[in-house]
Amino acid sequence: MIPVPLLVCVVAAWCAVYLIDTLLRSSATHRISYESWLASRGLMLSPFHVRWQTTMFNRLFAFCARINPRALYLWFSGGLVFGVVAMIGSVVLLIKTLQQTLAQMTTDNPRMGAQQTLQVVVPGVNLPTSQLAYFFIALLLSGVIHELGHAVAALREQVRVNGFGMFVFVVYPGAFVDLFTTHLNLISPAQQLRIFCAGVWHNFVLCVAALAVLFLLPLVLFPVYSTGGGALVTEVLQGSVADGPRGLSVGDIVTGLEDCPVTGVEDWSSCLSHISHTPQTGYCVPVASLQPSWAHGRAFKRLDGTMDCCSNNSLTDLCFSYMKPQSNSREREYACMPVRKMVTGTRACRTDSECATYSHAAAVCVTPSLENQTRFIRVTHPPNTHMLFVGYPPHLQHAVSLTNFVPRFGFLHLDLPVFLETFCKYVVSLSGALAVVNSVPCFALDGQWMLNALLEATLVTVVTDRQKRELIGFFLLLAGSALLAANVALGLWMVTAR
């Protein structure tokens with residue numbers, strides 16, 4: 001559900017802005033000077049919407065439009081082809097997303113939501129408040145690059161740019177360019193299409209560029225950050241399962257989870273997932289260590305049917321099960337033993353035969369006797385002793401933030417690569433999403449003008465009547481708008497109602 005404090009703050013802020021604006025406009029003393037001040041700075045205010053427009057960037061746009069005209073023609077012609085393909089692809093993608101949303105509404109499986117390509121993002125609901133800065137800066141950058149494409153393409157086609165601006169709608173930032181409509185209507189449909197497709201084309205290019213930076217980041221940061229030697233801990237949630245004197249600390253390098261090596265964050269996640277879906281690992285322990293003085297407990301069944309033999313809820317002891325040495329019986333024995341002493345320096349195993357392979361002395365494979373979804377995990381982070389974890393593996397994953405990048409020098413900040421990685425991921429997601437959404441043939445989006453120009457360029461010899469072409473375009477836009485609206489409405493419901 002939407003967090004009430006965040007909603008109250010947003011509504012209160014907009015109410016205060018609108019109230020001040022109304023008071024100043026209704027004031028006989030300040031009205032003229034206030035409106036003149038707004039006009040001189042290109043500001044416009046309306047409920048939940050503020051926009052700013054300027055001509056200060058027009059020279060920059062004109063300079064960009066004069067750089068190598070032939071190359072720019074090929075560049076924006078490529079954008080035209082991409083825009084037409086993206087228009088078809090965006091419709092297919094929205095149909096698929098709508099099917100996935102409807103399927104998710106009828107099931108309680110949370111994994112289906114994670115499989116969706118497109119998702120509605122609501123700050124404070126499915127977007128952590130700690131990452132709002134990444135979201136808004138990446139969204140604004142994507143919007144600016146989008147409009148830069150429109151402006152340069154328009155000037156190249158001899159269409160005047162009246163100005164460039166930015167806006168904030170509720171909490172979402174954006175950008176726009178104001179084109180001279182008369183010039184726009186005088187050029188050919190192919191020229192119009194190059195202008196209208198330039199925005200989504202530049203969003204796609206920005207998305208690819210951010211992906212390239214993300215892929216090449218280890219190479220770029222190689223002189224100052226190393227990778228492949230483990231996952232570096234950048235944050236441990238206070239009071240979590242990984243916190244404490246024998247837990248993990250910021251700056252630790254995790255190199256293994258049980259017998260699963262960890263060379264980076266991807267290995268950390270995959271190892272935890274593997275441990276969650278496989279039986280509990282055992283440990284090779286010499287037979288001589290299984291002494292009666294080590295509190296052999298009387299085993300009893302838990303409510304879930306698993307066995308336990310430690311009845312004192314000790315924080316240092318754990319119930320282990322094993323096959324009785326030199327016995328033909330397949331019945332398992334249980335013993336409550338000090339866990340750290342039992343597993344320190346021992347090899348992981350699944351069966352007694354594995355222990356016989358690696359040990360000269362007689363040894364058995366003892367396995368922690370735990371509840372069905374609970375796992376015992378040794379976390380290797382040298383030079384410290386193992387961190388021992390007993391619990392649900394996803395809890396360990398959520399308690400620790402890690403990065404692949406280990407600083408080569410002590411003065412380097414641990415979070416710099418994390419910032420670059422996270423920002424690039426947001427740029428990829430948001431710039432790609434803007435390219436998809438603006439390609440949809442929908443009223444008030446780039447897709448509307450792209451579709452109209454495409455129909456004028458392709459159907460003029462087939463459907464000679466202009467009104468019929470406009471009617472075809474209207475129904476296509478109506479269908480595209482309904483498809484987008486259904487995705488947004490159901491997406492919002494799924495995010496806020498569950």
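Let me start with helix 8, residues 189-220, and helix 13, residues 416-439: their axes come within 8 Å and cross at roughly 155°. Helices here are DSSP runs of H or I with at least four residues, strands are runs of E with at least two, and both are numbered from the N terminus. Each axis is a line fitted to C-alpha atoms over the stretch in contact, and angles run from 0 to 180 degrees between N-to-C directions. Angles over 145 degrees count as roughly antiparallel, so helix 8 and helix 13 are roughly antiparallel to each other. The crossing of helix 8 with helix 13 is left-handed, that is, the near helix is turned anticlockwise from the far one by less than a right angle. Their contact has 16 nonpolar, five polar and two charged residues. Nonpolar covers Ala, Val, Leu, Ile, Met, Phe, Trp, Tyr, Cys and Pro; charged covers Asp, Glu, Lys and Arg; the others, Gly among them, are polar.

This is a predicted model: local features need pLDDT of at least 70, side-chain atom pairs count only at pLDDT 80 or more, and totals for chains, interfaces and linings use all residues. Residues are numbered from 1 along each chain as its sequence is written, and side-chain values use heavy atoms, without hydrogens and water.

Leu232 has Ile253 in strand 7 as its bridge partner.

On a 1 Å grid over the protein atoms alone, a cavity is a set of points where a 1.4 Å probe fits but cannot get out; a pocket is an open set with protein on both sides within 12 Å along at least five of seven lines; lining residues have an atom within 4 Å of a point. Points are joined across faces, edges and corners, and volume is the space filled by probe spheres set on them.

How many cavities of 30 Å³ or more are there? The count is one. The largest cavity holds about 40 Å³, and its lining is Trp14, Val17, Tyr18, Asp21, Leu45 and Ser46. Helix 1 gives the largest share, four residues.

The second largest pocket has about 870 Å³. Strand 18 gives the most to its lining, four residues.

Conventions
Angles under 35 degrees count as roughly parallel, over 145 as roughly antiparallel, 65 to 115 as roughly perpendicular and the rest as oblique. Two strands pair if DSSP finds at least two bridges between them.
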